[in-house]
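Please find below my note on this model, written as numbered points for a reader who is new to looking at protein structures. Keep the sequence and the 3D view open while reading.

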Amino acid sequence: MRAIFQSAAIANSSGSLVTAGLLDVTTVVLGGGVSRAWHLLAPAVHRALAAEPPVSGQELRVLPALLGGDAVAVGAAARVRTELGGV
């Protein structure tokens, strides 16, 4: 089980590093199942980021979504509200 979380953490870290390099961001927020398992993933994510720092040289923060699995739905609802003129 530990190996599965290690692999997931490395994959998320790699994806976050690529995203940071392409979009010049310094914070990545992970939601859904990843945020629900953050306590299991966080140590390996931090080790992977320390082993391979971002190309920009700026620290990359990878954080769990505070809304967990609801983050996508809340974000979509906020976007619809904005598009409809703040209804």
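**Note on the predicted model**

1. Of the 15 residues in the largest nonpolar core, the ones that touch the most other members are W38, L41, V45, L49, L60 and V62. A nonpolar core here is a set of buried Ala, Val, Leu, Ile, Met, Phe, Trp, Tyr and Cys residues joined through side-chain atoms within 4.5 Å, and buried means under 20% relative accessible area, with a 1.4 Å probe and protein chains only. The elements giving two or more residues to this core are α1, β1 (27-30) and α3, and α3 gives the most, with 6 residues.

2. Before going further, please note that this is a predicted model, in which local features need pLDDT of at least 70 and side-chain atom pairs count only at pLDDT 80 or more, whereas totals for chains, interfaces and linings use all residues. Residues are numbered from 1 along each chain as its sequence is written, and side-chain values use heavy atoms, with hydrogens and water left out.

3. The protein has 4 helices and 2 strands, and along the sequence they follow the pattern α-β-α-α-β-α; helices (H or I, at least four residues) and strands (E, at least two) are DSSP runs numbered from the N terminus. The C-alpha atoms fill a box of roughly 45 × 35 × 15 Å along the principal axes, and 25% of the 87 residues count as buried.

4. How do the axes of helix α1 and helix α3 cross? The axes of α1 (residues 2-23) and α3 (residues 38-51) come within 8 Å and cross at roughly 50 degrees, where axes are lines fitted to C-alpha atoms, for helices over the stretch in contact, and angles run from 0 to 180 degrees between N-to-C directions. The two helices are therefore oblique to each other, given that angles under 35 degrees count as roughly parallel, over 145 as roughly antiparallel, 65 to 115 as roughly perpendicular and the rest as oblique.

5. In this pairing, F5, Q6, A8, A9, I10, S13 and L17 of α1 meet L40, L41, A44, V45, R47, A48 and L49 of α3, contact meaning heavy atoms within 4.5 Å.

6. S16 also belongs to helix α1, and this residue is buried, with a relative accessible area of 3%.

Note on methods:
Buried means under 20% relative accessible area, exposed over 50%, partly exposed in between (1.4 Å probe, protein chains only).
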